[in-house]
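User: Please take a close look at one part of this model. I want the residues placed and their surroundings described.

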Amino acid sequence: MLKFKYLFAFIIPSLGLLTFHSSGIFSYFGLFFLYILVPLIEQIIPPNIYNLNKIEKEFSQKDLFFDFVLYLSVFVHVYIVYDYLLTMSDITLTLTDMIANVLMMGTILGVNGINIGHELGHKTEHKIKIFFAHVMLLTAIQNHFIPYHNGGHHRDVATPKDLTSAKEGDIFYFFAIKSQIGGYFKTWKLEHQRLKAKNKNIYLNQMTLFTLLPILMFFTIYTFFGLKIVLIYFITSILGISVLEAQNYFSHYGLRRKLQENGRYERVKPKHSWNSDHIIGRVLLFELTRHSDHHQMGSKPYQLLESKLSSPTLPFGYPMMLLLSYFPFLFKPIMKKHLKLNNVI
């Protein structure tokens, strides 16, 4: 029965529908639930560090239910995007309701669109999963995420080479710009190097397609909904990207791999990623919060990820950490204290 907890991940798109079809103060309930109520509940309910035993792992590895949840999430997400576009094109929509819709959809793009795209995007040997990953990432104009994340971030994590690993003292807003824009151009370089190493035509760089896809998406939105909705959706995508970058920001903040005498960095260890075992965040984010184990083996299915005793633990769950990231004057002193507590500095 424990596996059915992942169905609660559909709470977020359900809250999206509730937001889009509500008005006034009720349209802000979803945001209140995710950013106020969930962080408070996570402070009350103790973290769950239970790891599956050997038999449970074997059953979970073979159980198609876990893939089914991801596949269903893709279709639900596409419908949510469509419903959002229809809602925002309503000329009777008030400004306050519009703001609630943008904030909620931005959250959905960052939490569902990019995160589920991330989970599926690690299964590089599975063409259907990669296709669905790109569908999800396209909704947040992040198709370049897969080649950079798999070929750059996981290799260079917790080193100066990785644009998505924040050093101590980094301010989120500057970090996010560097990570997003710098990551895009670095992905061109990574793909060029990959093609050259495999003796393939360097002009067949998939980044060309990943650059054209969002343009095609926005042109389609323009065709059916007009320029105003294109601009609104672009702003919504930026918000969704900020959710991604906030997670990038705090998941490795201040953690650094040591440079060895041979000029190489030490191998990636659990201590190079911040973990959170709060059950709500674990479920809503498909165990992304067990980040140390994910970096030990990126292709490991979400249902098998484990809590690592040797990994540093975040002071709060992911929803609260996401909020704190936007307020450097709160985030930095809190994390400085936790870096000391975890013997990082």
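Analyst: Gln303 is buried, with a relative accessible area of 10% (buried is under 20%, exposed over 50%, partly exposed in between; 1.4 Å probe, protein chains only). This is a predicted model: local features need pLDDT of at least 70, side-chain atom pairs count only at pLDDT 80 or more, and totals for chains, interfaces and linings use all residues. Residues are numbered from 1 along each chain as its sequence is written, and side-chain values use heavy atoms, with hydrogens and water left out.

Gln303 sits in the loop between α12 (291-296) and α13. Helices here are DSSP runs of H or I with at least four residues, strands are E runs of at least two, and both are numbered from the N terminus. Leaving aside neighbours within four places in sequence, Gln303 contacts Tyr6, Leu52, Ser60 and Phe66 (contact means heavy atoms within 4.5 Å). A polar atom of the Gln303 side chain lies 3.2 Å from the backbone oxygen of Ser60.

Next, helix α13 itself. It spans residues 318-325 and holds Leu323. Leu323 is partly exposed, at a relative accessible area of 25%.

Now helix α10. Asn248 belongs to this helix. Asn248 is buried, at 7% relative accessible area. Residues up to four places away in sequence aside, Asn248 touches Thr164, Phe175 and Ser179.

Helix α10 (residues 227-251) also meets helix α5 (residues 95-121): the axes come within 7 Å and cross at roughly 50°. The axes are lines fitted to C-alpha atoms over the stretch in contact, with angles from 0 to 180 degrees between N-to-C directions. α5 and α10 are therefore oblique to each other (under 35 degrees is roughly parallel, over 145 roughly antiparallel, 65 to 115 roughly perpendicular, the rest oblique). On the α5 side, the contact includes Met98, Val102 and Ile114; on the α10 side, it includes Lys228, Tyr233 and Leu244. The contact residues divide into 13 nonpolar, six polar and one charged. Nonpolar covers Ala, Val, Leu, Ile, Met, Phe, Trp, Tyr, Cys and Pro; charged covers Asp, Glu, Lys and Arg; the others, Gly among them, are polar.

Last, the loop between α10 and α11 (279-284) holds Gly254. Gly254 is buried, at 12% relative accessible area.

Methods: A polar contact is a pair of N or O atoms within 3.5 Å; within protein, one must be able to donate a hydrogen and the other to accept it, and residues adjacent in sequence count only if both atoms are side-chain atoms.
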